[in-house]
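Q: Please show me how to read a model like this one, feature by feature.

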Amino acid sequence: MNVSSRILYVDDDVDGRDMMSAWLQQDYQVTTASGGRYAKELMQRMRFDLFILDYFLPDMTAVDLCMYIRSISLRVPIVIYSALARSEYRSAVLAAGGTEYLIKPNDLERLIPTIIRCLGSTRKLPRNSMPRRRAASIL
C-alpha cells in the first residue's frame, strides 16, 4: 500500500462506494463520504492527496465541491468518476478546477493510471488492477 497517498472518494451510491473503496484500499488510504457536506467536514480534519467525486451528490454537485476544494487547495488533483457522459458536465467540472473526468464504468481501466499520474507516481500499476470483465459489475 502507498501509505503516503490519501484519497477521499465521494459517491452517494453505497454499493459502488464500498466496492471502489475496497479495491482502492489495496494500494491507498481511502476515506469515503456519501455527500458534499460530509466531504467538507472530512477535509477540515484530514489532508487528502487526491479526490474522486461522483457528479451528482445528494446535497451538491461535483462542480460545487470542486470549487470548494479549489478554495482551499490549488494543487490537489480532483478526478470525477461519473456515469454522466455529456460534454457539458465534463466542461463544467474542468472549468471549476477538476483535473480529469472519467465515465463509469467505461473508464474504469483508466482510473488507476489516472490516479498514478495525478499523484505524480512513476511506479507500475498496482497488483489490484481490475480486469475488464469486472468493470461492468462494479458500477
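## A guided reading

A: Let's start with a helix: in α5 (residues 108–118), the buried residues are Leu 108, Leu 111, Ile 112, Thr 114, Ile 115, Ile 116 and Cys 118. Buried means under 20% relative accessible area, exposed means over 50%, and partly exposed lies in between, with a 1.4 Å probe and protein chains only. Helices are DSSP runs of H or I with at least four residues, strands are runs of E with at least two, and both are numbered from the N terminus. This is a predicted model, in which local features need pLDDT of at least 70 and side-chain atom pairs pLDDT 80 or more, while totals for chains, interfaces and linings use all residues. Residues are numbered from 1 along each chain as its sequence is written, and side-chain values use heavy atoms, leaving out hydrogens and water.

Q: Which residues are buried in helix α1, and on which side do they lie?
A: The general idea comes first: an α-helix has 3.6 residues a turn, so residues three or four places apart point the same way. In α1 (residues 14–24), the buried residues are Gly 16, Arg 17, Met 20, Ser 21, Trp 23 and Leu 24. They span an arc of only 160° around the axis, which puts them on the same side of α1; the arc is taken from the directions that run from the helix axis to the C-beta atoms.

Q: What pattern does the chain follow along the sequence?
A: Six helices and five strands make up the count for the protein chain, and their order is β-α-β-α-β-α-β-α-β-α-α. Of its 139 residues, 52% are buried. Contact means heavy atoms within 4.5 Å; among contacts between residues at least 6 apart in sequence, 59% join residues at least 24 apart.

Q: Which residues have the most contacts inside the largest nonpolar core?
A: A nonpolar core is a set of buried Ala, Val, Leu, Ile, Met, Phe, Trp, Tyr and Cys residues joined through side-chain atoms within 4.5 Å. The largest one here has 26 residues, and Leu 8, Met 43, Phe 51, Leu 53 and Leu 65 have the most contacts inside it. At least two residues of this core come from each of β1 (2–10), α2 (36–45), β3 (50–53), α3 (62–72), β4 (78–82), α4 (87–95) and β5 (100–103). Helix α3 gives the most, with six residues. A second, separate core of 18 residues includes Met 20, Tyr 28, Leu 50 and Tyr 81.

Q: Is Asp 11 buried or exposed?
A: Asp 11 is buried, at 1% relative accessible area, and sits in the loop between β1 and α1. A polar contact is a pair of N or O atoms within 3.5 Å; within protein, one must be able to donate a hydrogen and the other to accept it, and residues adjacent in sequence count only if both atoms are side-chain atoms. The side chain of Asp 11 has such a contact with the side chain of Tyr 9 at 3.4 Å, and it also reaches the backbone nitrogen of Asp 13 at 3.0 Å. Beyond four places in sequence, Asp 11 is in contact with residues including Arg 17, Asp 54 and Lys 104.

Q: With which side chain does Glu 100 make a polar contact?
A: Its partner is the side chain of Arg 110, at 3.5 Å. Glu 100 lies in strand β5 and is buried, with 12% relative accessible area.

Q: How many disulfides are there?
A: A disulfide is a covalent bond between the sulfur atoms of two cysteines. The rule used here asks for a pair of cysteine sulfur atoms within 2.5 Å, and the count is zero. Cys 66 is buried at 0% relative accessible area, and Cys 118 is buried at 16%.
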